[in-house]
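Q: Hi! Could you walk me through the ligand and metal sites in this one?

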Amino acid sequence: MLHLSHQNIQAASIDPITGFPNRAACFNKISQLAKQPASEKRLTVIWIGLDRFKRVNESCGHQGGDLLIFQIASRLRDRTGHHTLWFRMAGDEFVHLSWAEDPDQTEKLASALLDEIGVPLALNNLTLHPTASLGIAAFEPGEFPHACLERADHAMQSAKRAGGNRIVTSGKELVPGRLGIRLAQDELQIENKLHLAIDHGKLHLQYQPIVAADGSLLSVEALMRCNSDQISPGEFIPIAEKTGLIIRLGEWSLLEGATFARRLQSAGQKSSVSINISRAQFSMPHFPQTLHAALLCANVAPEQVELELTESLFMDNSSIVQINLRATKDTGVRISIDDFGTGFSCLATLKDIHANKLKIDRAFVVALPHDRRAFSVVSAIARLGQDLGMLVVAEGVESREQADALLEAGVHAIQGYIFARPMPEDALLKWIRNRK
Ligand code: C2E
Ligand code: MG
Ligand code: MG
């Protein structure tokens, strides 16, 4: 029978190379410390991951790797004093727990640790210049202790992704988004605002006219707006996509847009309503049913509704996307290729796309009328689109000169501030009446 004494258990939780307690011990310790009564000081985690440790192991062998870990651990312990709480979490990762008076104090300590790690070190016949990625997280009142550890790990990973040899504080990590880089904390705030907007009915659609070369109204694009705190679609759509909220938002805008299409139809307007559909929404197995339900509830003719899909979706060979494309066509709803020219497809792939409309992205339009190369590309897209039986629309047209160049290039219709900005339903109906 196996007898586990207190000493045996303690020995098992100590890493033999560094003398630091291991990962499990760290989880236990942080749970204990988090229970202590609140004080001026905050429990803070610094998570350290050595950069390029695998290369040391590969070039110096595992013994060399162990020696490096031993030396780095000794430096860390010497820097903070023996009584502080160090843990070895994984091969090349350490955690330090401490009580800090303010974030500055922790950042100074992290910076000193980074300097300490960076002192050159002799290993076999090599001089190594070690670097590390550090993540900091301060325990939030009421937070689950393991979540705080996870945030520190996440911040360390973010430091690694940014190239290593740096410190990242949780909530200040840079995360890539569709429109560039933003702070993780900002993203959480936008997500929160979005939840509030959904719960309190603060979302609505605005409509922007798409005008044909002969001046008639070809269609209107439905664009989502969030009333609370004025967050723009450029901010909230990518976050809705990341969090899965886009499915709920998309189903709502499909029904809302189809209902407006019915009102336009009743008002004797032939123009259709274009509704943006995200990749996540279009990849759902129940998408055809959702579309049928929206058409039925809105009691609208399918040809009055158009779906805008980004070009990359058409290149998606997954069976679910292909089934949904076919099912959408079968309903009689029209399909547009949105933002054409910004994805990775080339002109040759257009032959495989069966869409009714092609929308040239604003990126090409802004260069007009002066950039002759942009003009040549737009002319080629317009010609090809037309040959393949599609109507070609240019997006984001702001000036008369741009519109003239686009019409000369063979574009069929124009959408942009030159005619009107996106506007609420009533304003659009008034805009249509006034044009007559
Ligand atoms: P998009 O589908 O390409 O929509 C066109 C965008 O260009 C709109 O931005 C519109 O306001 C803007 N725009 C139109 N004319 C001009 C112009 O002359 N100059 C400039 N600078 N911009 C112009 P918005 O409304 O901010 O929407 C951004 C993107 O958010 C949309 O791009 C679409 O991808 C997405 N989005 C908007 N509403 C929805 C929605 O209901 N569902 C989904 N899935 N995505 C949506
Ligand atoms: Mg669109
Ligand atoms: Mg677009």
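This is a predicted model: local features need pLDDT of at least 70, side-chain atom pairs count only at pLDDT 80 or more; totals for chains, interfaces and linings use all residues.

Q: Great. Which residues come nearest to ligand 1?
A: Arg 225, Asn 276, Asp 338, Glu 398 and Tyr 417 do, out of 22 residues around ligand 1.

Q: What about polar side-chain atoms, say on Asp 339 and Arg 362? How far are they from ligand 1?
A: Asp 339 has one 2.9 Å from an oxygen atom of ligand 1, and Arg 362 has one 3.2 Å from a nitrogen atom of the ligand.

Q: How much of ligand 1 does the protein bury?
A: The protein buries 84% of the 800 Å² that ligand 1 exposes when taken alone.

Q: And what's the shell made of: how many nonpolar, polar and charged residues?
A: Eight are nonpolar, six polar and eight charged. Strand β11 (217-226) gives the largest share, four residues.

Q: Switching to metals: what coordinates the magnesium ion (ligand 2)?
A: Its donors are Glu 221 (OE), Asn 276 (OD1), Glu 308 (OE) and Asp 338 (OD), at 2.0 to 2.3 Å. Glu 221 sits in strand β11 and Asp 338 in strand β14, so the pair ties together parts 117 residues apart in sequence.

Q: Are those two buried or exposed?
A: Glu 221 and Asp 338 are both buried.

Q: Which residue bridges the magnesium ions, ligand 2 and ligand 3?
A: That's Asp 338, and the two ions lie 3.8 Å apart.

Note on methods
Residues are numbered from 1 along each chain as its sequence is written. Chains are lettered from A and ligands numbered from 1 in the order in which they are written. Side-chain values use heavy atoms; hydrogens and water are left out. A residue is near a molecule or strand if one of its heavy atoms lies within 4 Å of it. A polar contact is a pair of N or O atoms within 3.5 Å; within protein, one must be able to donate a hydrogen and the other to accept it, and residues adjacent in sequence count only if both atoms are side-chain atoms. Accessible areas come from the Shrake-Rupley method with a 1.4 Å probe; for residues, only the protein chains shown count as cover. Helices (H or I, at least four residues) and strands (E, at least two) are DSSP runs, numbered from the N terminus. Ala, Val, Leu, Ile, Met, Phe, Trp, Tyr, Cys and Pro count as nonpolar, Asp, Glu, Lys and Arg as charged, and the others, Gly among them, as polar. Donors are N, O and S atoms within 2.8 Å of the metal (3.2 Å for Na, K and Ca); water is not among the atoms, so sites may look incomplete. Buried means under 20% relative accessible area, exposed over 50%, partly exposed in between (1.4 Å probe, protein chains only).
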